[in-house]
Amino acid sequence: MGSGVQEQRASLTQGEVLPRASSSQSEGLKHTRSVINSLFSGALAGAVAKTAVAPLDRTKIIFQVSSARFSAKEAYRLIYRTYLKDGFFSLWRGNSATMVRVIPYAAIQFCAHEQYKGLLGGYYGFQGKALPPFPRFLAGAMAGTTAAMLTYPLDMVRARMAVTPKEMYSNILHVFVRISREEGLKTLYRGFTPTILGVVPYAGLSFFTYETLKKSHAEHSGRSQPYSYERLAFGACAGLIGQSASYPLDVVRRRMQTAGVTGHTYGTILGTMREIVSEEGVIRGLYKGLSMNWVKGPIAVGISFTTFDLTHILLRKLHQMGYTTR
C-alpha cells in the first residue's frame, strides 16, 4: 500500500510538472515556427520581386555608374542592344548574384521586422497591436540595417556583375576571388556607409508606409486583411516613397562599389557626391535613373510585401490545420 501511495504521489507530481514543461515547449516551438515562417516568406518574397524587375534593375545600375545621360528612350535602346548582342537571358545577367544576396537579405529583413515589431510593441505597450508611428518607422529601419550589415559583400558582387562583361567575371565566386586578390578584402565593403545611411530612410519609410496604409484600410473598411490588389497598391506606394527619399545615396553607393572597374577613384561619400554634381549636375547625376526606379521600385516592393504577407498567412493556416487535425 505504501508503494501504491508513493506511486500515486509520483504520478501527481508528474501530472503537475509536465503541463508546465509542455506549455513552455509549446511557446518555444511556436516562436521557432514563426521565425522559420518569416524567413521562408521573406526569402520567397525577395526572389519573386527581384526576378520580376531584374532587366530594369540592371539597366538602372549601368546608368547609375556611368556619366551617360539617362532617358527612357536611352534605357530602352540599352535593353534592346543588350538583347540583340547577348540574347534574351543576358537581360538577367547578375541575377544569380542578386538571388544569392536578395534571398538572405529579404529573409533577414522581413524576419527581423517581425521580431522588432514584437520587441517594440512590448516596450511601448502595444503588444499584438499596430505600433505608433515612430516605433513603426524604427522597426523598419532596424530591420533594413540588420539585413544590410549581414549581406553587404553580396550586394557589392552583384553590382560588379551587373556592369561588367561576362568575360571579366565567370561566376560569383570568381568575383570574390578577383576583388580580394586585386583590390583587397576591404573593397568588399566599399560603399558600406552610404548603404546604411540609405537603408535607414528606405526601409524605415517603406515598412512605415505599408503598415500605416494597412492600418488605415482596416479602420475604414472594417476588414482586418486587405485584398491582394490592395496589398500591391500599398506596397507600390511604400516603394515609391522609400526609394525616392534614399535615391541619391543609392547612386553614391553604386559609384563607390564599381569604382574598381569604371576607372574612377571615389573615396568618401561627400567626395563622390561633389564629383558627380560637378560632372553631371544634381538632377542628372544624383537622381539619374530615378524615373526608371519609379517604374521598377513600386512593382518590386508591391510584389515583395504582397508575396510575404500571403505566404506568411498561408503557412500559418497550414500549421493551424495541421494542429487541429492531430
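The lining of the second largest cavity draws at least two residues from each of α1, α3 and α4, with α1 giving the most, five residues. A cavity here is a set of points on a 1 Å grid over the protein atoms alone where a 1.4 Å probe fits but cannot get out, and lining residues have an atom within 4 Å of a point. The model is predicted: local features need pLDDT of at least 70, side-chain atom pairs count only at pLDDT 80 or more, and totals for chains, interfaces and linings use all residues. Residues are numbered from 1 along each chain as its sequence is written, and side-chain values use heavy atoms, with hydrogens and water left out.

**Second largest cavity**
- This cavity holds about 80 Å³ of space, a volume being the space filled by probe spheres set on the points.
- Its lining includes Lys50, Asp57, Arg58, Trp92 and Arg158.
- By type, the lining residues are four nonpolar, three polar and five charged.

**Largest cavity**
- The volume of the largest cavity is about 680 Å³.
- Lys50, Arg101, Tyr105, Tyr202 and Gln243 are the closest to its centre among the 38 lining residues.
- α6 provides the largest share of this lining, eight residues.
- The lining comprises 18 nonpolar, 10 polar and 10 charged residues.

**Cysteines**
- There are zero disulfides, a disulfide being a pair of cysteine sulfur atoms within 2.5 Å.
- Cys111 is buried at 8% relative accessibility, whereas Cys237 is partly exposed at 39%.
- Buried means under 20% relative accessible area, exposed over 50%, and partly exposed in between (1.4 Å probe, protein chains only).

How values were computed
1 Å grid on protein atoms, 1.4 Å probe; cavity = no way out; pocket = protein on both sides within 12 Å on 5 of 7 lines; lining within 4 Å. Helix = DSSP H or I, 4+ residues; strand = E, 2+ residues; numbered from the N terminus. Nonpolar A, V, L, I, M, F, W, Y, C, P; charged D, E, K, R; others polar.
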